[in-house]
Amino acid sequence: MLLIKITKENINREEVRRAVAHPDCGAIATFEGDIRNHNDGKEVLGLEYEVYEKMFQAEVKKIFHELAQRWEVKACALVQRVGRLDVGEAGIVIAVSSPHRHSGMAACAWAIEEFKKRAPVWKKEYYLTDAQWVLCNHGGK
Amino acid sequence: MKVKLLFFAMIREKIGKDEVDMEIFPGETLEQLTQRVLAPAFPHARFFKSLLYAVNEEYAGPQTILRDGDEVAFIPPVAGG
């Protein structure tokens, strides 16, 4: 089971967790990426996320399919926020359910690393006096 | 032959549009199209070193030959998560 969603609203963290819950699974691993109030020594007031929506769906599906070939997992969910966010809000929530904890935790950790490298998502940080697009190394393929 | 170009993030801001339709030459590659479209707005070579491309929602290399109706996205460094 896959849930892949882009939303302009606050992410309902519990809903993402519930989407992967299954009686076969004793473990649900989650990653919640919250907006931090600083970066590179600058105070951050908020963020703006931009997404290439059609490609986002396709790329996250690929990541989850690769994940299912590497680890024993039952279900995966990923919700990405777009638009303006304040400090403390979640930009992304990922949940993975698995029969046992080790595979779920490893799969969830792998998923966020791949997502950061491959998903067509951009973020602009807003500071007290200016704003800039965050430049991360990407590894699209 | 026409393709649709999609611009995101700092490219969208610099170009001032999020998409345009553009005529291409027969056999034109992504790299050639990029030079034609983006080089005037982005004079620094280092910008192009960090640029990736997608054609029809899949990552594609700079030597990809474009076809009529393709949707081309210029992908500046991503920063999800």
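Tutor: Ser103(A) is found in helix α3, residues 101–118 of chain A; helices (H or I, at least four residues) and strands (E, at least two) are DSSP runs, numbered from the N terminus. This is a predicted model, in which local features need pLDDT of at least 70, side-chain atom pairs count only at pLDDT 80 or more, and totals for chains, interfaces and linings use all residues. Residues are numbered from 1 along each chain as its sequence is written, chains are lettered from A and ligands numbered from 1 in the order in which they are written, and side-chain values use heavy atoms, with hydrogens and water left out.

Student: Is Ser103(A) buried or exposed?

Tutor: Buried means under 20% relative accessible area, exposed over 50%, and partly exposed in between (1.4 Å probe, protein chains only). Ser103(A) has 15% and is therefore buried.

Student: Which residues does Ser103(A) touch?

Tutor: Contact means heavy atoms within 4.5 Å. Not counting residues up to four places away in sequence, Ser103(A) touches Trp71(A), Glu72(A) and Ser98(A).

Student: Which backbone oxygen does the side chain of Ser103(A) reach at 3.3 Å?

Tutor: That oxygen belongs to Glu72(A). A polar atom of the Ser103(A) side chain also lies 3.2 Å from the backbone oxygen of His100(A).

Student: In which order do the strands of the open sheet lie?

Tutor: Two strands pair if DSSP finds at least two bridges between them. The 4 strands have the order β7-β5-β9-β10 (chain A), with antiparallel pairing. The edge strands, β7 (83–86) and β10 (131–133) of chain A, each pair on one side only.

Key. Polar contact = N/O pair within 3.5 Å; in protein donor to acceptor, adjacent residues only side chain to side chain.
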